[in-house]
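Try each one before you read its solution.

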Amino acid sequence: MTIMADAPMAVTATTRPPLPRRPVPHERTPDLPTPTSPRPHPRTVGATGRHDDRAARQLLDALYRQYAPMVVATAARALRPADRDLANDIAQQAWLDAWVLLLRGEELHSPAGFLAMRARRGAVDHYRLARVRREQATDYTDELTVHHLARLIGAAA
């Protein structure tokens with residue numbers, strides 16, 4: 001019986017061919033097509049030195065005139081009655097999301113659905129973050145509050 005460790009090992013110097021080099025995106029060969037986008041990049045700058053967003057502004061203005069009350073109402077329905085004052089803030093975030101989407105050159109196929117969805121998710125996100133924060137404002141100049149805190153601290157110690 002022969003053991004592999006006892007057998008002499010043959011060491012041969014073989015050279016491997018070099019690995020193929022990946023082409024860098026700016027070094028495309030003529031046989032590979034260069035990727036193109038159907039719409040221009042949102043940060044392309046025109047001859048004026050500014051991004052031309054007039055079409056997006058006009059579309060957002062038309063959408064705002066048509067759907068602003070619906071977005072605020074959807075946000076208010078998704079909030080608790082005590083938090084109804086946050087409906088305008090959540091609606092503003094929904095409009096900001098729509099603005100970013102339009103600036104990217106994307107199309108809103110169903111603007112009412114998109115804005116309502118963003119308003120509902122904004123309310124859900126608000127409550128999700130509130131669960132994590134659990135912050136409470138405390139007025140330390142009020143003697144009743146200070147007495148209550150001292151009692152809580154004393155009970156915990």
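A salt bridge here is a side-chain nitrogen of Lys or Arg within 4 Å of a carboxyl oxygen of Asp or Glu. This is a predicted model, where local features need pLDDT of at least 70, side-chain atom pairs count only at pLDDT 80 or more, and totals for chains, interfaces and linings use all residues. Residues are numbered from 1 along each chain as its sequence is written, and side-chain values use heavy atoms, with hydrogens and water left out.

**Exercise 1.** Count the salt bridges, then look at Arg-57 and its partner.

*Solution.* Start with the total: the structure holds five salt bridges. One of them pairs Arg-57 with Asp-53, at 3.2 Å from N to O. Now check accessibility (buried is under 20% relative accessible area, exposed over 50%, partly exposed in between; 1.4 Å probe, protein chains only). Arg-57 comes out partly exposed at 46%, while Asp-53 is buried at 13%.

**Exercise 2.** Find the salt-bridge partner of Arg-118 and say where each residue sits.

*Solution.* The partner is Asp-97, with the closest N and O atoms 2.7 Å apart. Helices are DSSP runs of H or I, at least four residues, and strands are runs of E, at least two, numbered from the N terminus.

**Exercise 3.** Describe the salt bridge between Glu-106 and Arg-104.

*Solution.* First the distance: 3.0 Å, N to O. Then accessibility: Glu-106 is partly exposed at 29%, and Arg-104 is partly exposed at 41%.
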